[in-house]
Amino acid sequence: MRKIILTSLGLTLFLVSCSTTQKTASKTVDVNVYKNTITPADLSKHLYIIADDNMEGRNTGEPGQKRAGEYLINEYKKIGVSFPPGATDYYQKVPSEFMKRGFAPKLNDSENIWTFIEGSEKPEEVLVISAHYDHVGMKNGEVFNGADDDGSGTVALLEIAQAFNEAKKQGFGPKRSILFLHVTGEEHGLHGSRFYSENPLFPVKNTIADINIDMIGRRDTLHPNTNNYIYVIGSDRLSSELHTINEEVNAKYTQLELDYKYNDRKDPERIYYRSDHYNFAKKGIPAIFFFNGIHADYHQSSDTPDKIEYDALAKRTQLAFVLAWELANRPERIKVDRDGK
């Protein structure tokens, strides 16, 4: 009898084990669940604060920009996303002297703001998602709110971080680490991203890519009848895989028109050299830049949050999220197989 009982018990345990294994194997993630946490309403809520008159145009190192930074940090604390290991707080200090430039006005000391979600399997490999949170301040008593430039990218980072953190809470954290980097001083010469690229918290060799988001809340004059597009810049300069992956995730999840006008090496606007991704690309890090193009309110006091097309902002933010999801979770890091030219 004892032998029979043990055999039955063993069979029971075997069947339970098989059942558990099958359940674990069948537990797959639906990326859409987290992508859809990025909503027009949430983006609007944050942007009306980031681009409020109280922020005084967020000029580099001035009180309004520091208030905007405090708001971002408080929101990250609310969602449970902390600063990266190796840092003592949410700030990477960027000294005034570093931003000194010819006859340009002297800037105050400022800060990049960084937050971090650690990877579960390859934590030493780091994906950077960047946007600048500074703007041009005030002129003749008028506030230049910078809702699109780059309030839109700023709040996009916050929502992407929240989406990844929700996934992590449910057991689907990214395999690679993600650094969310709000950089300063972009409007005065890409200073914050240059400072980080020259003083990285994580080795450049471990940084797999940069996804840069700068102006994604409006439409330009070349797309008067639709906002279902995004300019993609730089994706094929250093990695053919980055370019292909972005096209694949867009086709699967967001179906935006990907416009490569400004990716043309001969484009006279030279947009590739004019935002923060460029400082990563110069270090050999594959970089992709999402951009909605120039509109009449660019660098004007009329770049206000009421003019943002929040449906477009949400969809473009979702594209950046699903691209980040793929880069952070694919089996191998993307290859650098091009010379950057």
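User: Buried means a relative accessible area under 20%, exposed means over 50%, and partly exposed lies in between, for a 1.4 Å probe and protein chains only. What is the relative accessible area of Gln255?

Analyst: This is a predicted model, numbered from 1 along each chain as its sequence is written, in which local features need pLDDT of at least 70 and side-chain atom pairs count only at pLDDT 80 or more, while totals for chains, interfaces and linings use all residues. Side-chain values use heavy atoms, and hydrogens and water are left out. Gln255 is placed in the loop between α7 (240-254) and β9 (257-259), where helices (H or I, at least four residues) and strands (E, at least two) are DSSP runs numbered from the N terminus. Gln255 is partly exposed, because its relative accessible area is 45%.

User: Near what value is phi of Arg58?

Analyst: Most residues other than glycine have a negative phi. Arg58 sits in the loop between α3 (40-50) and α4 and is buried, with a relative accessible area of 1%. Although Arg58 is not a glycine, its phi is positive, near 55 degrees.

User: At roughly what angle do the axes of α4 and α5 cross?

Analyst: Axes are lines fitted to C-alpha atoms, for helices over the stretch in contact, and angles run from 0 to 180 degrees between N-to-C directions. Angles under 35 degrees count as roughly parallel, over 145 as roughly antiparallel, 65 to 115 as roughly perpendicular and the rest as oblique, and α4 and α5 are therefore roughly parallel to each other. The axes of helix α4 (residues 63-79) and helix α5 (residues 147-169) come within 10 Å, and their crossing angle is roughly 15 degrees.

User: Which residue stands opposite Ala287 in β10?

Analyst: Five of the five residues of strand β10 (residues 287-291) are buried, so the strand is largely enclosed by the rest of the structure. Two strands pair if DSSP finds at least two bridges between them; β10 pairs with strand β7 (residues 207-213) in the parallel sense over four bridges, whereas three bridges join β10 to strand β8 (residues 229-233), the two running antiparallel. Opposite Ala287 stands Asp210.

User: How many Å apart in space are Phe164 and Trp325, C-alpha to C-alpha?

Analyst: Phe164, found in helix α5, is buried, with a relative accessible area of 0%. Not counting residues up to four places away in sequence, Phe164 touches several residues, among them Ile117, Phe321 and Trp325, where contact means heavy atoms within 4.5 Å. Phe164 and Trp325 are 161 residues apart in sequence, and their C-alpha to C-alpha distance is 8.2 Å.
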